[in-house]
Amino acid sequence: MTILVIEDDIKTGDYLQKGLSESGYSVDLARNGIDGLHLAREQRYELLILDVMLPGKDGWQVMEEIRQSSDVPVIFLSARDQVQDRIHGLRLGADDYLVKPFSFTELILRVHTLLRRGVTHEPTTLRLADLELDPIRRKVTRNGLTIPLTNKEFTLLHLLMRRQGEALPRTVIASQVWDMNFDSDTNVVDVAIKRLRAKVDTPFEQKLIHTVRSIGYMLVEDP
């Protein structure tokens, strides 16, 4: 499998090329956004590892142009660690976002996961029964009625809808929504679910958010 690394820092780029090659991948390396975009368009890659702060074209621009014609899996690798940066990268179509400094072992695990999963970009609008969620416009409606949600409530519902029909442990929900390790003495997940239910389920006859005993919660039409 061939991976394209687009990274302008010489030490980091060389380190990634060497480490990925030793892990069994064929690796091409571009030192700026223009060269990286050219390679991504001209050759077939199974995965791209893309820095954000690049000369020529930055990573955001490269990502936007790649997504105009390709669904190749992309991991952003960046020193920009603000939540809004991660959200922006994922909204542009990236599959993952890893903050520098990073663990190479973690990077390899994420690479393996993406390559095993393949390209699975979600549809523009997620639907279950009469519930709809638009991740781009950050809009939620049910039975045609707009449901106002806080940022965390939206993120929580987005997770449940992306993995509808799957029983999600509280540990997974806490790590995905709050970026925290779950403490059994903390009821943050249960409180958030209760508030989300009050908006998404309580006003409607059909209930979609269900408790899975001893595990967590899942979104499904028929439990």
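Before we start, one definition: a residue counts as exposed when its relative accessible area is over 50%. Hi everyone, keep that cut-off in your head, and remember that what you see above is a predicted model.

Is N143 buried or exposed? Its relative accessible area is 55%, so N143 is exposed. You can find N143 in the loop between β8 (139–142) and β9 (145–146). Now look at its backbone. Most residues other than glycine have a negative phi. N143 has a positive phi of about 55 degrees, although it is not a glycine.

There is another residue to look at in this way, S214. Here phi is near 70 degrees, again a positive value in a residue other than glycine. S214 sits in the loop between β11 (209–212) and β12 (216–219). With a relative accessible area of 75%, S214 is exposed.

Staying with the backbone, let's turn to peptide bonds. Most of them are trans. Which residues does a cis peptide bond join here? They are K100 and P101, and omega is about -5 degrees. P101 belongs to the loop between β5 (96–99) and α5 (104–117).

Now for the sheet. Five strands make an open sheet with parallel pairing, in the order β2-β1-β3-β4-β5. β2 (26–30) and β5 are at the edges with a single partner strand each, so one side of each has no neighbour in the sheet. On average, neighbouring strands are turned by 20 degrees against each other, direction ignored.

Zoom in on one pair: strand β1 (residues 2–6) and strand β3 (residues 47–51) run parallel and are joined by four bridges. In one of these strands, β3, L50 is the bridge partner of I6.

Helices pack here too. Helix α2 (residues 33–42) lies across β1, β2 and β3, at about 160 degrees to β1. Helix α3 (residues 59–66) touches β1, β3, β4 (74–78) and β5, and its direction makes about 150 degrees with that of β3.

Last stop: a pair of helices. The axes of α6 (residues 151–162) and α7 (residues 170–177) come within 10 Å and cross at roughly 130 degrees. That angle makes α6 oblique to α7. The crossing is right-handed. Who makes the contact? From α6 we have K152, T155, L156 and L159, and from α7 we have I173, Q176 and V177. Sorted by class, the contact has four nonpolar, two polar and one charged residues.

Notes: Residues are numbered from 1 along each chain as its sequence is written. This is a predicted model: local features need pLDDT of at least 70, side-chain atom pairs count only at pLDDT 80 or more; totals for chains, interfaces and linings use all residues. Side-chain values use heavy atoms; hydrogens and water are left out. Axes are lines fitted to C-alpha atoms, for helices over the stretch in contact, and angles run from 0 to 180 degrees between N-to-C directions. Helices (H or I, at least four residues) and strands (E, at least two) are DSSP runs, numbered from the N terminus. Angles under 35 degrees count as roughly parallel, over 145 as roughly antiparallel, 65 to 115 as roughly perpendicular and the rest as oblique. A crossing is left-handed if the near helix is turned anticlockwise from the far one by less than a right angle, and right-handed if clockwise. Contact means heavy atoms within 4.5 Å. Ala, Val, Leu, Ile, Met, Phe, Trp, Tyr, Cys and Pro count as nonpolar, Asp, Glu, Lys and Arg as charged, and the others, Gly among them, as polar. Buried means under 20% relative accessible area, exposed over 50%, partly exposed in between (1.4 Å probe, protein chains only). Two strands pair if DSSP finds at least two bridges between them.
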